[in-house]
Amino acid sequence: QVHLVESGGGLVQAGGSLRLSCAASGSVGILSAMAWYRQAPGTQRELVARATIGGVTNYGDSVKGRFTISRDNAKNTVYLQIDSLKPEDTAVYYCYVEVGLFSKTPYWGQGTQVTVSS
């Protein structure tokens with residue numbers, strides 16, 4: 001079992017920045033992918049950013065150029081640097097990991113609230 005602990009959410013004014021962190025613990029093994037998703041009220045959960053163990057990253061269209069995902073593999077931690085925040089970025093942000101290289105087991109964090117005021 002893998003446990004994910006997210007931190008860094010909060011209330012920020014439009015144009016501001018936040019840095020989210022997610023640390024994985026337990027039977028971590030190989031974290032083949034680490035990612036962030038978000039879900040605003042009344043909407044589906046959407047991919048924000050994803051980083052593979054091989055260093056490949058990809059981003060949702062709405063956040064390209066403003067969000068940056070990074071990993072510290074020694075700490076089993078993934079970060080999301082969020083700049084130029086907009087009110088429409090308001091959502092619960094969820095950490096997501098895949099454990100294993102061939103047979104991948106997904107895990108979700110509990111979520112951290114990000115609220116952007118205009």
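A: Happy to. Strands β9 (91-99) and β11 (residues 112-117) run antiparallel and are joined by three bridges. Strands here are DSSP runs of E with at least two residues, numbered from the N terminus, and two strands pair if DSSP finds at least two bridges between them. Before going on, please note that this is a predicted model, in which local features need pLDDT of at least 70, side-chain atom pairs count only at pLDDT 80 or more, and totals for chains, interfaces and linings use all residues. Residues are numbered from 1 along each chain as its sequence is written, and side-chain values use heavy atoms, with hydrogens and water left out.

Back to the strand. Across from Thr112 in β11 stands Tyr93. β11 also pairs with strand β2 (residues 10-13), this time in the parallel sense and over four bridges; there, Val12 has Val116 as its bridge partner. The covered face of β11 holds Thr112, Val114 and Val116, while Gln113, Thr115 and Ser117 make up the uncovered one. In a regular strand the side chains alternate between the two faces of the sheet.

Next, the loops. The one between β9 and β10 (105-108) contains Leu101, which counts as partly exposed because its relative accessibility is 44%.

Pro41 sits in the loop between β4 (31-39) and β5 (46-52) and counts as exposed because its relative accessibility is 75%. Its C-alpha atom is 8.7 Å from that of Val92, although 51 residues separate Pro41 and Val92 along the chain.

Arg66, in the loop between β6 (57-59) and β7 (67-72), is buried, because its relative accessible area is 11%. The Arg66 side chain makes a polar contact of 2.7 Å with the side chain of Asp89; such a contact is a pair of N or O atoms within 3.5 Å, where within protein one must be able to donate a hydrogen and the other to accept it, and residues adjacent in sequence count only if both atoms are side-chain atoms. Leaving out residues up to four places away in sequence, Arg66 touches Gln81, Ile82, Asp83, Ser84, Leu85, Lys86 and Asp89, with contact meaning heavy atoms within 4.5 Å.

One of those neighbours, Ser84, belongs to the loop between β8 and β9. Ser84 has a positive phi near 50 degrees although it is not glycine, and at 42% relative accessibility it counts as partly exposed. Asn76, in the loop between β7 and β8 (77-82), also has a positive phi, near 50 degrees, and counts as partly exposed at 24%.

Finally, Thr77 lies in β8 and is buried at 7% relative accessibility. The Thr77 side chain reaches the backbone oxygen of Lys75 at 2.9 Å.

Terms used
Buried < 20%, exposed > 50% of the residue type's maximum accessible area, 1.4 Å probe, protein only.
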